[in-house]
Amino acid sequence: MPLSGTTTRYGNLAQAFHWLTALLVLAAFLVSEGGPPARVYAAERASTLLLHESLGFAVLCLLVIRLVWRLFDRIPEPPAMPGWMELASRVTHWALYALLLAVPLSAILGAWFGGHPLTVYGFGAIGPFFAPWSAGAALADIHGTLGDIIMWLAGLHAAAAIFHHVFLRDRVLSQMLPGLSDPSSGVGG
Ligand code: HEM
Ligand code: HEM
């Protein structure tokens with residue numbers, strides 16, 4: 001069970017981080033509920049907010065651990081493809097990483113500047129650590145929009161990975177998906 005990657009495959013740890021992050025982001029998105037602050041922070045919605053904030057906070061923690069591990073890991077080389085496609089995939093990956101940081105961070109700062117704590121299972125209420133500031137509401141709005149953008153971009157990214165596997169028949173999807181073999185190796189899958 002190689003924890004580290006090879007030139008043709010992400011390691012088991014990188015794959016675990018990737019799929020756990022995808023699940024947590026999807027779950028955070030599915031339980032997200034917007035609306036005016038009076039509704040968002042209403043007592044009867046506290047448990048949904050606690051779940052949403054805990055899932056989002058877990059995404060942020062996982063991102064930090066994952067990026068530290070990435071410094072020591074070996075990242076597979078892309079299979080042969082046109083230069084524009086390789087560039088598009090690099091830009092998408094780093095945009096996804098930027099959003100994995102910006103989505104929870106804008107929410108946490110928005111909550112704190114709005115005078116609300118961050119609520120996380122097992123930690124209770126964290127903050128706010130500074131005095132309320134009118135920019136809190138704008139940050140909360142930005143958070144909602146970035147939350148939508150990450151889902152669209154991740155959807156596009158997933159569609160591209162499936163396109164690579166089915167139509168280009170290269171190893172892009174099999175690099176990240178446990179148990180899937182490289183269609184270009186002729187071993188099947
Ligand atoms: C990857 C993680 C997250 C995703 C994908 C996500 C997604 C979203 C989305 C799409 C909305 C808007 C719902 C709507 O207006 O219809 C929202 C609202 C909200 N989220 Fe998150 N969120 C994440 C993490 C967090 C975290 C860590 C917090 C911690 C404070 C948080 C707090 C809130 C709050 C308070 C709202 C309601 C206020 C607003 O509309 O902005 N979220 N989230
Ligand atoms: C919220 C959901 C997702 C996020 C945030 C996300 C994010 C990322 C990021 C940041 C990378 C770059 C990894 C690195 O090199 O460090 C990556 C790679 C990858 N992801 Fe996702 N991903 C998501 C969902 C999916 C889904 C649903 C699929 C497939 C159906 C997928 C397939 C892949 C593949 C195949 C790679 C490797 C691409 C390559 O080697 O060029 N991802 N993902």
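1. The model under review is predicted.

2. The protein donors at this iron atom, that of ligand 2, are H18 and H157, each through NE2, and they lie 2.0 Å from it. H18 belongs to helix α1 (residues 12-30) and H157 to helix α5, and the two are 139 residues apart, so that the pair links distant parts of the chain. The two histidines fall into separate burial classes: H18 has 15% relative accessibility and therefore counts as buried, while H157, at 23%, counts as partly exposed. The cut-off that matters here is 20% relative accessible area, under which a residue is called buried.

3. The iron atom of ligand 1 is coordinated by NE2 of H52 and NE2 of H143, at 2.0 Å. The arrangement around the iron atom of ligand 1 is octahedral, because its six donor atoms subtend angles of 88 to 179°. H52 lies in helix α3 (residues 46-72) and H143 in helix α5 (residues 135-168), so this pair ties together parts that are 91 residues apart in sequence. Both H52 and H143 are buried.

4. Which residues come nearest to ligand 2? Of the 19 residues around ligand 2, they are H18, R70, Y97, H157 and Q175. Several polar contacts can be listed for this ligand. An N or O atom in the side chain of Y10 is 2.7 Å from an oxygen atom of ligand 2. Q175 places a polar side-chain atom 2.6 Å from an oxygen atom of ligand 2. For H157, a polar side-chain atom is 2.7 Å from a nitrogen atom of ligand 2; H157 is also one of the protein donors of the iron atom.

5. Ligand 2 takes up the space of the largest pocket. Its shell draws at least two residues from each of α1, α3, α4, α5 and α6 (172-176).

6. Around ligand 1 there are 22 residues, of which Y41, H52, A107, A140 and H143 come nearest. The side chain of H52 has an N or O atom 2.8 Å from a nitrogen atom of ligand 1. The side chain of H143 likewise has an N or O atom 2.8 Å from a nitrogen atom of ligand 1. A140 takes part through its backbone: one of its polar backbone atoms is 2.6 Å from an oxygen atom of ligand 1.

7. The second largest pocket is the space taken by ligand 1. The elements giving two or more residues to the shell around ligand 1 are α1, α3, α4 (83-113) and α5. Helix α3 gives the most, with six residues.

8. As for the chain as a whole, its secondary structure comes to six helices and two strands. From the N terminus on, the order of elements is α-α-α-α-β-β-α-α. The C-alpha trace spans about 60 × 30 × 25 Å along its principal axes. Of the 189 residues in the chain, 33% are buried.

9. Two points of backbone geometry deserve a look. Most residues other than glycine have a negative phi, and most peptide bonds are trans. The bond joining G127 and P128 is a cis peptide bond, with omega about 0°. P128 is in the loop between β2 (124-126) and α5. R169 is not a glycine, yet it has a positive phi of about 50°. R169 sits in the loop between α5 and α6, and it is partly exposed, with a relative accessible area of 43%.

10. D148 and V103 are 45 residues apart in sequence, and their C-alpha atoms are 9.6 Å apart in space.

Notes: Residues are numbered from 1 along each chain as its sequence is written. Chains are lettered from A and ligands numbered from 1 in the order in which they are written. This is a predicted model: local features need pLDDT of at least 70, side-chain atom pairs count only at pLDDT 80 or more; totals for chains, interfaces and linings use all residues. Side-chain values use heavy atoms; hydrogens and water are left out. Donors are N, O and S atoms within 2.8 Å of the metal (3.2 Å for Na, K and Ca); water is not among the atoms, so sites may look incomplete. Four donors count as tetrahedral if all angles lie between 85 and 135 degrees; four count as square planar and six as octahedral if opposite donors are over 155 degrees apart and all others between 65 and 115; anything else is irregular. Helices (H or I, at least four residues) and strands (E, at least two) are DSSP runs, numbered from the N terminus. Buried means under 20% relative accessible area, exposed over 50%, partly exposed in between (1.4 Å probe, protein chains only). A residue is near a molecule or strand if one of its heavy atoms lies within 4 Å of it. A polar contact is a pair of N or O atoms within 3.5 Å; within protein, one must be able to donate a hydrogen and the other to accept it, and residues adjacent in sequence count only if both atoms are side-chain atoms. On a 1 Å grid over the protein atoms alone, a cavity is a set of points where a 1.4 Å probe fits but cannot get out, and a pocket is an open set with protein on both sides within 12 Å along at least five of seven lines; lining residues have an atom within 4 Å of a point. A molecule sits in a cavity or pocket if more than half of its atoms lie within 2 Å of its grid points.
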